[in-house]
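Here's a quick briefing on some ring contacts and a helix face. Take a look at the model first.

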Amino acid sequence: MKSVAKRIFLFLAVNFLVILTISIILNLLNIRPYLRANGLDYGSLLAFCLVWGMAGAFISLALSRQMAKWLMGVHVIDPQTARGSEQQLLHLVENLAKRAGLSKMPEVGIYESPEVNAFATGPSQSRSLVAVSSGLLRRFNTQDLEGVLGHEIAHIANGDMVTMTLLQGVINAFVMFFARVLAFAVTRMGKKSDEAALTSPFLYTVLVVVFEIIFMILGSIVIATYSRFREFRADSGGARLAGRDKMINALKALKQTVEIHDPKAEQPAFQAFKISSKQGFLRFFASHPPLDERIHRLEHEG
């Protein structure tokens with residue numbers, strides 16, 4: 001119950017912060033209402049949508065590292081007191097970060113969970129976090145663990161968190177913009193140019209919601225497509241940093257684990273080594289490629 005209450009509180013707090021920040025930005029930029037008596041002000045509408053789409057995405061990115069710690073219960077390892085497996089984990093991450101050319105080593109943490117998982121998050125290369133589950137530490141040997149960590153460090157080195165945020169922000173903005181333009185056009189169908197620009201605010205609002213849902217579905221395909229691309233790229237990066245055999249063996253070990261355990265039991269939040277089991281049309285919405293395909297690509301890379 002405490003965990004659920006904590007998540008609800010954080011969700012509400014973050015959303016309040018996003019709305020407050022965006023409202024301040026809109027006022028500072030003096031962005032005027034885009035619905036006018038004579039129609040849509042496309043300039044104001046585009047500015048409004050860009051602020052809402054981009055600001056929300058970047059606020060989430062800025063808070064991502066701290067949110068991961070709170071939501072997942074990540075215990076950040078103190079290099080001064082680390083011993084045993086914690087010290088080994090720090091050593092692996094440090095070596096991989098140096099090979100990747102990172103100017104600052106990411107924070108390293110562990111969270112209690114039986115799932116086999118690891119993730120990287122943070123607003124920049126110098127303010128990043130790599131976290132692994134206790135289940136991963138128990139089940140994977142050192143070489144497989146290094147392959148997993150190489151994948152996560154590659155995400156940081158590639159700037160994947162920022163790129164995904166930019167893409168998400170642009171998609172959000174265009175979804176909002178085109179939904180409102182199309183909703184306005186539909187409500188104006190069959191009306192004369194000298195009639196009121198918007199005679200049915202309720203219908204307009206309903207259409208905006210409907211079109212946003214449709215465009216968000218289409219936008220999610222674009223985001224998922226790029227997400228699969230960055231996973232392949234992170235696998236290649238992990239192979240360069242940790243060694244191809246270690247990266248391949250890490251994926252094979254993950255596959256064996258998944259075949260034994262139900263992937264539906266995995267926590268979806270912050271997963272970076274997640275498995276895609278979607279089939280048919282749903283595969284277009286998968287954020288991660290199938291493990292067999294990832295292994296095949298690594299085995300046949302030139």
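**Rings and a helix face**

Tyr-111 and Phe-119 are both buried (under 20% relative accessible area with a 1.4 Å probe, protein chains only; exposed is over 50%, and partly exposed is in between). This is a predicted model, where local features need pLDDT of at least 70, side-chain atom pairs need 80 or more, and totals for chains, interfaces and linings use all residues. Numbering runs from 1 along each chain as its sequence is written, and side-chain values use heavy atoms, leaving out hydrogens and water.

**Aromatic pairs**

- Searching the whole structure turns up seven aromatic pairs (Phe, Tyr or Trp rings, the six-membered one for Trp, with centres within 6.5 Å; planes under 30 degrees apart are stacked, over 60 edge-to-face, the rest tilted).
- One of them is Tyr-111 with Phe-119, a tilted pair at 5.9 Å centre to centre and 40 degrees between the planes.
- Tyr-226 and Phe-229 make a tilted pair too, at 5.8 Å and 45 degrees.
- Those two sit three residues apart in helix 7 (residues 201-242), about one turn of the helix; helices are DSSP runs of H or I, at least four residues, numbered from the N terminus.
- Tyr-226 is buried at 18% relative accessible area, while Phe-229 is partly exposed at 45%.
- Tyr-34, Phe-48 and Trp-52 are linked into a cluster by ring pairs.

**Charge over a ring**

- Arg-297 puts its charged end over the ring of Phe-232, 3.8 Å from the centre (the cut-offs: NZ of Lys or CZ of Arg within 6 Å of the ring centre and within 35 degrees of the ring normal).

**Helix 9**

- In helix 9 (residues 291-299), the buried residues are Leu-291, Arg-294, Ile-295 and Leu-298.
- Viewed down the axis of helix 9, these buried residues fall within an arc of 95 degrees, so they line one face of the helix; the arc is taken from the directions from helix axis to C-beta atoms.
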